[in-house]
Amino acid sequence: MMTRQAITHLVCDCDGVLLDSESIALRVLHRELLPLLPAPAADAALHAAIANRLGMYTDLLLEEVDAEFGLGLSEQQVERLHESVGRACGEEAQPVPGIAEALQAIRLPRAVASNSDAPRIESGLRRCGLYAQFEGHIYSAHDVGKPKPAPDVYLAAAAGFGVDPRRCVAVDDSTTGVRAAAAAGMHVLGFTGVAHDRKAMARRLLEAGASKVFDDMKQFPQLICELVWLR
């Protein structure tokens, strides 16, 4: 059995933990894909299908939604959707409420580990005044290997610090991300503060491997403090 080590480092997902941008991605994808539905009555089902896959690579999300609804997306349409989502998130993303204050209260070295591409991560962090908190420790799955739910991007964050992943606590808002962090051997907290259905998402994050779930960034520093002193 793997021995739990003292927590010394923090690794955060970006969209949905630091930046309130997943609602923007959901809105853009739903708006752009809705006219392609063969059966317009499937509007609510399409919205749910996208929402349940937020946190995936956009390519994979679109591939699965395309197969489920028979949208017949072309490569050009996929590329245009990528651009639309990236532009909207870069221009409209806001910090998750309370995240700046929470990070100020948490003294651990910190990194970002995200499935988004590096330019989108950096643009969003700069826009929201959080870039300096993570500069030099920003990791995109596009650059380090397989996307979440593979552990690669979380392992890269730990390697960037030169620490055992078991010394890291990860914070993620998606089942994809929680599974990735757990597979990396990290202690995992699930965040549901920007989820559309917090209760359902909390259940899913716990099932995916989160040890605890919280929905308000005011709780974040205390949860980290408890882990740091846990032996």
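This is a predicted model: local features need pLDDT of at least 70, side-chain atom pairs count only at pLDDT 80 or more; totals for chains, interfaces and linings use all residues.

Reader: Which residues line the largest pocket, and what makes a residue part of a lining?
Author: A lining residue has an atom within 4 Å of a point. The largest pocket has 26 of them, with Met56, Thr58, Asn115, Ser116 and Arg120 nearest its centre. At least two lining residues come from each of α1 (22–33), α3 (58–69), α4 (75–92) and α6 (118–127); α4 has the largest share, with four. These helices are DSSP runs (H or I, at least four residues; strands are E, at least two), numbered from the N terminus.

Reader: How does the lining of the largest pocket divide by class?
Author: Into eight nonpolar, eleven polar and seven charged residues. Here Ala, Val, Leu, Ile, Met, Phe, Trp, Tyr, Cys and Pro count as nonpolar, Asp, Glu, Lys and Arg as charged, and the others, Gly among them, as polar.

Reader: Which residues lie nearest the centre of the second largest pocket?
Author: Ala51, Ala195, His196, Met201 and Arg204 do, among 19 lining residues. α11 gives the most to this lining, with three residues.

Reader: Why are both faces of β1 called covered?
Author: Buried means under 20% relative accessible area (exposed is over 50%, partly exposed in between; 1.4 Å probe, protein chains only). In strand β1 (residues 9–12), His9 and Val11 on one side and Leu10 and Cys12 on the other are all buried.

Reader: How do you know that β1 pairs with β6 and β4?
Author: Two strands pair if DSSP finds at least two bridges between them. β1 and β6 (residues 168–172) have four, in the parallel sense, and β1 and β4 (residues 110–114) have three, also parallel. Leu10 has Val169 of β6 as its bridge partner, while Cys12 has Val112 of β4.

Reader: What makes Phe191 and Phe214 a tilted pair?
Author: Rings of Phe, Tyr and Trp (its six-membered ring) pair if their centres lie within 6.5 Å; planes under 30 degrees apart count as stacked, over 60 as edge-to-face and the rest as tilted. Phe191 and Phe214 are 5.1 Å centre to centre with 50 degrees between the planes, and the pair is tilted. Phe191 lies in strand β7 (residues 187–191) and Phe214 in strand β8 (residues 212–214), so the pair ties together parts 23 residues apart in sequence.

Reader: Why is the pair of Phe214 and Phe220 called stacked?
Author: The ring centres of Phe214 and Phe220 are 5.5 Å apart and the planes are at 20 degrees, so this pair is stacked. Both Phe214 and Phe220 are buried, and Phe191, Phe214 and Phe220 form one aromatic cluster.

Notes. Residues are numbered from 1 along each chain as its sequence is written. Side-chain values use heavy atoms; hydrogens and water are left out. On a 1 Å grid over the protein atoms alone, a cavity is a set of points where a 1.4 Å probe fits but cannot get out, and a pocket is an open set with protein on both sides within 12 Å along at least five of seven lines; lining residues have an atom within 4 Å of a point.
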